[in-house]
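Grab the model and work through these exercises on ring pairs and helix packing. Each task comes with a worked solution.

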Amino acid sequence: MEKNVEKIWSNCLKIIKDIVEWQHYKTWFEPIKAISLKNNVLVIQVPSQFFFEYLEEHYVNLLAKTLKRELGKEARLEYRIMVDSGNSKNKPLTMDVTGTGYKTYSNNEMDFPLVINNPVKNPFVIPGIKKMQIDPQLNVNYTFDAYIEGDCNRVARRAGKTVAEKPGANSFNPLVVYGGVGLGKTHLVQAIGNEVKKTHPNKIVLYVSSEKFINQFMDHSRNNAINDFIHFYQLIDVLIVDDVQFFSKAEKSQDAFFAIFNHLHQSGKQLILTSDKSPKDLEGVQERLLSRFRWGLSADLQIPDYETRIEILERKMKADGLEMPKEVVKYIAYNINSNVRELEGALISLLAQSSLNRREIDLDLAKKVLRNFIKSSSKEITIDTIQKMVCDYFNVPYDKLLQKTRKREIVQARQITMYLAKSFTKNSLKTIGEHFGGRDHTTVIHSCQTVKDLMDTDAVFRENVLELHQKVQLAAM
């Protein structure tokens with residue numbers, strides 16, 4: 001009696017799943033379909049010629065051992081490659097699992113083309129103009145050296161470096177970088193592209209916005225040249241697609257991108273995507289695409305912290321050969337806290353006004369110029385504001401600040417907060433104490449005196465207090 005083909009293949013997959021990495025299993029084994037089993041010959045269907053060759057190159061021994069375990073020493077494997085060639089026949093390729101590789105298959109008479117004979121059209125080239133090479137469409141100024149690393153982007157930046165070093169041969173495929181407007185998504189992904197071109201000059205890199213991709217697809221669709229469009233993108237080694245959230249309104253473009261994504265991923269090519277939100281939060285994008293976006297790594301970009309904003313400004317000034325008083329840099333960094341793009345825009349506006357008015361840059365000029373960037377030029381500092389700043393600075397939970405605990409780090413954070421509240425607000429000592437779990441005015445007096453004493457004897461403590469004092473002062477400007 002013949003064994004059940006689905007049962008045999010299911011047993012094989014259970015063994016394989018325990019041996020190979022999950023991502024590789026999902027990519028190379030889940031798409032396989034068991035077709036038939038007769039005389040210990042298992043026929044499996046694979047999506048493409050490349051898929052077949054990849055299995056034979058990387059997993060032939062695993063397939064052989066697994067199949068022999070289920071069917072015995074006489075086990076043989078036969079492949080059926082599904083290729084849309086306009087011919088209804090699909091001649092199966094057969095191969096002895098004891099062979100050395102895919103060159104040992106028994107039937108090499110194929111009735112479908114494996115090579116595209118017609119020249120592939122480049123949608124980035126104006127019709128009538130011949131271009132031998134594919135322009136990567138990258139801004140050469142977007143580099144890793146110009147991309148400041150901070151807590152806000154550390155994971156994404158380091159993942160990007162890994163991808164640039166080994167495009168396609170890493171765990172971050174696809175790499176999805178997401179975050180709000182102006183946080184550096186485009187800079188980072190183009191930096192990856194530029195680094196790949198530098199270290200792997202033979203790799204074909206292409207950056208394209210989703211809007212341009214959609215427009216190209218529509219143009220090729222009108223001209224009945226969708227196959228040319230898809231074939232072109234399947235030639236790319238590192239494909240960078242910006243703002244994939246705009247695919248939500250382009251169903252047919254999603255179908256084309258799905259085909260391109262599958263081919264590139266199965267071919268070991270690198271995909272890099274950006275979005276304004278996490279893949280799980282994207283609406284209007286096909287679930288099959290979203291599931292593939294989640295295959296690799298999704299890394300978010302957050303608003304840069306104060307120190308990172310200062311470093312961004314200083315790096316920008318150094319690159320442009322500019323100088324500016326430290327207090328002005330700090331003022332800009334503290335007050336422009338929405339995104340990197342606004343931060344650089346504020347700096348450019350300030351420099352332009354200084355040049356046009358032939359005036360030295362100082363704090364007064366900065367306040368005048370940055371009114372359009374800062375929501376409120378005059379801010380009232382409250383006890384709550386100071387509490388939040390101190391908690392953020394020392395990474396202390398707000399509720400701990402109010403509790404009765406004798407932990408040194410909590411006690412000192414509370415004392416510094418009371419000291420700053422007394423210095424920057426008009427609240428009475430009693431009111432300040434009430435903001436800290438109902439403590440009385442004598443506790444506030446003791447805390448302020450303790451801070452003054454420690455500043456005279458502890459250099460590190462003094463530096464922390466002075467830095468916080470400056471932060472509050474900047475917030476009050």
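**Exercise 1.** Find which residues ring pairs link into a cluster with Phe 213.

*Solution.* Start with the rule: rings of Phe, Tyr and Trp (its six-membered ring) pair if their centres lie within 6.5 Å. Then follow the links: Phe 213, Phe 217, Phe 229, Phe 232, Tyr 233, Phe 247, Phe 257, Phe 261, Phe 293 and Trp 295 form the cluster. Bear in mind that this is a predicted model, where local features need pLDDT of at least 70, side-chain atom pairs count only at pLDDT 80 or more, and totals for chains, interfaces and linings use all residues. Residues are numbered from 1 along each chain as its sequence is written, and side-chain values use heavy atoms, leaving out hydrogens and water.

**Exercise 2.** Classify the ring pairs Tyr 25 with Phe 29 and Tyr 393 with Phe 394.

*Solution.* Planes under 30 degrees apart count as stacked, over 60 as edge-to-face and the rest as tilted. For Tyr 25 and Phe 29, the centres are 6.3 Å apart and the planes at 20 degrees, so that pair is stacked. For Tyr 393 and Phe 394, you get 4.9 Å and 85 degrees, so call it edge-to-face.

**Exercise 3.** Work out how helix α17 (residues 408-424) and helix α19 (residues 441-457) pack.

*Solution.* Helices are DSSP runs (H or I, at least four residues), numbered from the N terminus. The angle is about 100 degrees, with the axes 8 Å apart. Angles of 65 to 115 degrees count as roughly perpendicular, so α17 and α19 are roughly perpendicular to each other.

How values were computed: Axes are lines fitted to C-alpha atoms, for helices over the stretch in contact, and angles run from 0 to 180 degrees between N-to-C directions. Helices (H or I, at least four residues) and strands (E, at least two) are DSSP runs, numbered from the N terminus. Angles under 35 degrees count as roughly parallel, over 145 as roughly antiparallel, 65 to 115 as roughly perpendicular and the rest as oblique.
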